[in-house]
Amino acid sequence: MEDRWHHARLQYLTWDRTPEDIDSAEHRARQAELAARAGASFSPSAYVAADAAIYTTRLVLGEQSWIGGHALVRGDVEFGAHCTVNPYAMISGRVRCGDGVRIASHASLIGFNHGYDDPEVPIYLQKHESLGITIGDDVWVGANAVIVDGVTIGRGAVIAAGAVVSKDVPEMAIVGGVPAKVLRFRGKGRRDETRKQLEALGNKAARQWRDVLAENFDGADYVSRENDNTARKSNRHLCDAIEIAAAFGEVPPGLDVAGTLARLQAVQDPATGLFPDPFQPPKSGVAMRDDGLALYNVLSTGYAIEVLGGQPLHRVEAVEIPATELRLWLEGLTWRERAWGAGAAVDAIGTALYFNARYFTTGTTRETLFGWLAMKQDRGSGLWGSPTADEGLLQPVNGFYRLTRGTYAQFGVAVPRPEAAIDSVLLNYRNYGGFSGRTYTACNLLDTVHPLLLCLCQTDHRRAEAERIARSVIARAGERWIDGRGFAFADGQEPGLQGTEMWLSVVHLSAKLLGLEDAFAFVPRGVHRTEAVGLGL
């Protein structure tokens, strides 16, 4: 009964598909039959509902795209990534869709036409023609809209419900009516509410941050309940609480500053200078520099110590190593399989070098690190590391944030090839449809906004697109805040300290990209601070 209900539901609510639905034997068999009979090719993450009517001569369905039940697709049709065809939509003839195209129920895209010019010949006997329909990225076609043959729809356009589109539509235009006419352009013709949105969220967070901290304090320690509402302990949660309070110019209520400072300083390993987590120490046989928490806590714990007015007790000896050893360490990271993890390691190395340079002594490791990075950056993408089959550019883009945060941003050094990096970050954002559902996380948005902000300090390349993303992040953030509990890291999780600190930081960075940071009460002082320190580089 449950399987039958789920199957029926997927015909109409196809966005509820799961990875198990996509990889099911029944779905893969359906795709195989369509490949043989309908000239279809599918991204591994694409999905076609069982009751969709596919009678194409050629069909391309891109990454994370889907076609709902009872939709009719026939002719020569291409969809990019993150495209959706809702139930009862009809697509015929030659149609080309970019990425992120949304086609609502009962919309009709008719990429061919009957000849009718000769009144002496019955229409059914006159020759067909197919100029084709071309639809750019990020276009929304509303319910019952009709797009006829020969039309090009520009990037970012919105076709209102019931519109009949017989002429080309400019980029970012909103069109409606019969025949369709431009009503206005997205982002224009209405008051910019961004400053008001920033002030409202900032004021709410300023009033409630103490409640958020109290919600995540068990009487002895700060905890996380974000995954399944089960309290988990880590040194990070105390540091997140310190950072949230510091961003509002205070310390957590009741915090013993001297005692907490001593507790955090005691976490540091005297031999390596790294910061293993007291609640989750490295596994037996794992070198401390290969432990993700010991590396991350260089940032998390190190900055919390600074915020409280202290400094690390020991130089981070783990990074003061000969050039050959550093090169081997860097080259042994997971650049191909998991570029985010490799970037995270570089972030920790750069931050350790910052602490050494500020409070102790350092050698030439910084020069070796920056030299290696300059040689290893991909000239085409402006990123480090490789895209993956499953996630595309997501890993190297997210790794770019971590890598540059601890190096170029922290030391105030210009990022090489900023225009290429901006292109890649925006492409990744577009490929994920601006992120949604499980992908609309604090991490993915942080790893988009921070690189754009960093690179736009050097160039105005595609600034308008970056600003639209920043405004969108700010507009949606206010809807995600839960009174007294803050932000969840991702949809479906419980609100917590990590989500609250990261989302507030994302909003701050978005505001700074727009030059509106003065309107937001939260100013990061630790991991997500934006002030470069220089220190002689």
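This section describes the domain arrangement, the salt bridges and some backbone features of a predicted model.

The protein chain is divided into two parts, domain 1 covering residues 1-185 and domain 2 covering residues 190-519. The C-alpha centres of domain 1 and domain 2 are 39 Å apart. Nine residues from domain 1 and nine residues from domain 2 make up the contact. The size of an interface is often given as the accessible area lost when the parts come together. For domain 1 and domain 2 the area buried between them is about 830 Å², and 40% of this lies on carbon and sulfur atoms.

Two salt bridges are found across the interface of domain 1 and domain 2. On the domain 1 side, the residues that touch domain 2 comprise five charged, three nonpolar and one polar residue. The number of residue pairs in polar contact between domain 1 and domain 2 is two, counted with both residues at pLDDT 80 or more. A salt bridge joins the side chains of Asp137 and Arg430, with an N to O distance of 2.9 Å.

In one of them, Arg186 and Asp138 meet through their side chains at 3.3 Å, N to O. Arg186 is located in the loop between strand 17 (181-185) and helix 4 (194-215), whereas Asp138 is located in the loop between strand 10 (133-135) and strand 11 (140-141); the pair therefore ties together parts that are 48 residues apart in sequence. Arg186 is partly exposed, at 31% relative accessibility, and Asp138 is also partly exposed, with a relative accessible area of 40%.

Glu26 is partly exposed, with a relative accessible area of 42%. Arg30 has a relative accessibility of 14% and therefore counts as buried, the cut-off being under 20%. Elsewhere, a network of salt bridges links Arg58, Asp76, Glu78 and Arg96.

Several backbone features were also recorded. The peptide bond from Val178 to Pro179 is cis, with omega near -10°. Pro179 is situated in the loop between strand 16 (173-176) and strand 17. His82, a residue other than glycine, has a positive phi, near 55°. This residue lies in the loop between strand 5 (72-79) and strand 6 (84-85), and His82 counts as buried, at 10% relative accessibility. Tyr88 likewise has a positive phi in a residue other than glycine, with a value near 75°. Tyr88 is placed in the loop between strand 6 and strand 7 (90-97). With a relative accessibility of 39%, Tyr88 counts as partly exposed.

Note on methods: Residues numbered from 1 in each chain as written. Predicted model: local features only at pLDDT ≥ 70, side-chain atom pairs only at ≥ 80, totals over all residues. Heavy atoms only, no water. Domains from an automatic or database assignment. Contact = heavy atoms within 4.5 Å. Buried area = accessible area lost by both parts, 1.4 Å probe. Salt bridge = Lys/Arg side-chain N within 4 Å of Asp/Glu carboxyl O. Polar contact = N/O pair within 3.5 Å; in protein donor to acceptor, adjacent residues only side chain to side chain. Nonpolar A, V, L, I, M, F, W, Y, C, P; charged D, E, K, R; others polar. Buried < 20%, exposed > 50% of the residue type's maximum accessible area, 1.4 Å probe, protein only. Helix = DSSP H or I, 4+ residues; strand = E, 2+ residues; numbered from the N terminus.
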